[in-house]
Amino acid sequence: MECGLFGLVSGVDIFSGGTIRLQVAEAEVNNISIRFLDRKTGEPTKGKKGQVYSMLQGKRDVDTVSTMGLMIDVSIIPQPAGDAGKVDLVMNVVERPSGGFSAGGGISSWITSGPLSGLIGSFAYSYRNLFGRNQKLNNSLKRGQIDSIFRINYTDPWIEGDDKRTSRTIIIQV
């Protein structure tokens, strides 16, 4: 539990004197499914399973996931289901790398005196999927001979627990 792993009790031995030995194994992922939940109630929505399969709706669903900016590639692959006339849909997603560094520099013609006349530089770090909840964190530093700017920008696209899907952005600049 401390490492964030899910364990399964795979065996129990009971010994005299009240001693119990549990055999615990790490659980391996067998299958992943996606359920569509109602925003207000959190209950599974009706109307997806059992609908006639529409390739146009499938394309809209792929576009919706792609628009979030968290995935490099998104596709839906229809697979034959056990029942005739039915199809299982598998959504394949490839997650985009979450963070990145950037740096830059240049020379300003405005400053003409000093040992490093006109030299300016910048450094930035960004993280797009903080805590796996599409939160964004951007840090940047711009430095020149005369002044410096340090900025932290945090965006939460949906404050947890708010059924109105309120977002927040916090910017600190020094």
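Guide: A pocket is an open set of points, on a 1 Å grid over the protein atoms alone, where a 1.4 Å probe fits, with protein on both sides within 12 Å along at least five of seven lines; its lining residues have an atom within 4 Å of a point. The model is predicted, so local features need pLDDT of at least 70 and side-chain atom pairs pLDDT 80 or more, while totals for chains, interfaces and linings use all residues. Residues are numbered from 1 along each chain as its sequence is written, and side-chain values use heavy atoms, leaving out hydrogens and water.

The second largest pocket holds about 180 Å³ of space, a volume filled by probe spheres set on points joined across faces, edges and corners. It is lined by 14 residues, and Ala-124, Asn-138, Asn-139, Ser-140 and Arg-151 come closest to its centre. Strands E5 (99-107), E6 (119-130), E7 (135-143) and E8 (148-156) each give two or more residues to this lining; strands are DSSP runs of E, at least two residues long, numbered from the N terminus. E7 contributes the most, with 4 residues. By type, the lining comprises 4 nonpolar, 8 polar and 2 charged residues.

The loop between E6 and E7 contains Asn-134. Although not a glycine, Asn-134 has a positive phi of about 60°. Asn-134 is buried at 15% relative accessible area, the limit for buried being under 20% with a 1.4 Å probe and protein chains only. Arg-165 lies in the loop between E8 and strand E9 (168-173), and its phi is likewise positive, near 60°.

Key:
Ala, Val, Leu, Ile, Met, Phe, Trp, Tyr, Cys and Pro count as nonpolar, Asp, Glu, Lys and Arg as charged, and the others, Gly among them, as polar. Buried means under 20% relative accessible area, exposed over 50%, partly exposed in between (1.4 Å probe, protein chains only).
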